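Grab a pencil and have a go at these exercises. Try each task yourself before you peek at the solution.

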Amino acid sequence: MDTLRARMTHAAHGYAGNERRPLGGYLAAMAAFGGLAAALSAAGRATGRRAPERPALADVVLVSIATHKLSRLLAKDAVTSPLRAPFVRYVEPAGDGELNEEVRAEGGSVRHGIAELVTCPFCLAVWVATGLTGGLVLAPRLTRLGATVLTATTVSDFLQLAYDAAKRGAQG
C-alpha cells in the first residue's frame, strides 16, 4: 500500500509540480459520478424501464436548455450559495443575481475538488444532464415538467437581458 501511495504522490507531484491540484478530489468526483450513472442504470433495470434507442429531438433540446439553467443556478446563483458555502468563500457579485466565489484554502483534496465542481457550471452540466436524462427514463412526465420550468426560466432570463439592453439602447 505504501508503494502505491508513494507512486500516486510522485505522479501527482510530477503532474502539478508545486501547484496544488486536487487529483484525489477529482478521482472521488469521478467515482461518485460513476456511482450516479450505475445507480440510474440499476434503477432502470429494477423498474423495467429501458432507455430509448434514439432520444426524441424535443427531449434533447429541452434537457439541454434545462441543463444550462440548472447548472448555472447551482454554481453561480446567489440564492443557492448556502449549498456552496462549506466549500467556497464569497468574493463579489457577478451581476444578474450571480456570485463570484473562490475555493477555500483549508481542507483536503476532496473538499477542493468539490469546491471546483460546485462553482463551475460547465463541470456541473454533465452531472445535471445525466440526472435529467436518467429522469427521462425513470420518471419522464415529472422530468419533462421540471425541465420545462427550467427551460422557461432560461428563456425568461434571456428576455430580461434583451429588454434591459433595448432599454439602455433607447435611452442613449
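This is a predicted model: local features need pLDDT of at least 70, side-chain atom pairs count only at pLDDT 80 or more; totals for chains, interfaces and linings use all residues.

**Exercise 1: The parts list**

**Exercise 2: Overall shape**

Compare the protein's radius of gyration with that of a compact globule of 172 residues.

*Solution.* Step one: a compact globule with 172 residues would come out near 16 Å. Step two: the protein itself has 20 Å. Step three: look at the box filled by the C-alpha atoms, roughly 65 × 55 × 25 Å along the principal axes. Finally, check burial: 23% of the 172 residues are buried, with under 20% relative accessible area as the cut-off.

**Exercise 3: Two helices meet**

Decide how α3 is oriented relative to α6, and which residues meet there.

*Solution.* First, find the helices: α3 covers residues 57–76 and α6 covers residues 121–138. Their axes come within 8 Å and cross at roughly 135 degrees. Angles over 145 degrees would count as roughly antiparallel and 65 to 115 as roughly perpendicular, so α3 is oblique to α6. The crossing is right-handed.

Now for the residues. On the α3 side you'll find, among them, V63, A66, L70 and L74, and the α6 partners include L124, V128, L132 and L136. Sort the residues of this contact by type and you get 12 nonpolar, 3 polar and 3 charged.

Technical notes: Residues are numbered from 1 along each chain as its sequence is written. Side-chain values use heavy atoms; hydrogens and water are left out. Axes are lines fitted to C-alpha atoms, for helices over the stretch in contact, and angles run from 0 to 180 degrees between N-to-C directions. Helices (H or I, at least four residues) and strands (E, at least two) are DSSP runs, numbered from the N terminus. Angles under 35 degrees count as roughly parallel, over 145 as roughly antiparallel, 65 to 115 as roughly perpendicular and the rest as oblique. A crossing is left-handed if the near helix is turned anticlockwise from the far one by less than a right angle, and right-handed if clockwise. Contact means heavy atoms within 4.5 Å. Ala, Val, Leu, Ile, Met, Phe, Trp, Tyr, Cys and Pro count as nonpolar, Asp, Glu, Lys and Arg as charged, and the others, Gly among them, as polar. The radius of gyration is taken over C-alpha atoms; the globule rule is 2.2 Å times the number of residues to the power 0.38. Buried means under 20% relative accessible area, exposed over 50%, partly exposed in between (1.4 Å probe, protein chains only).
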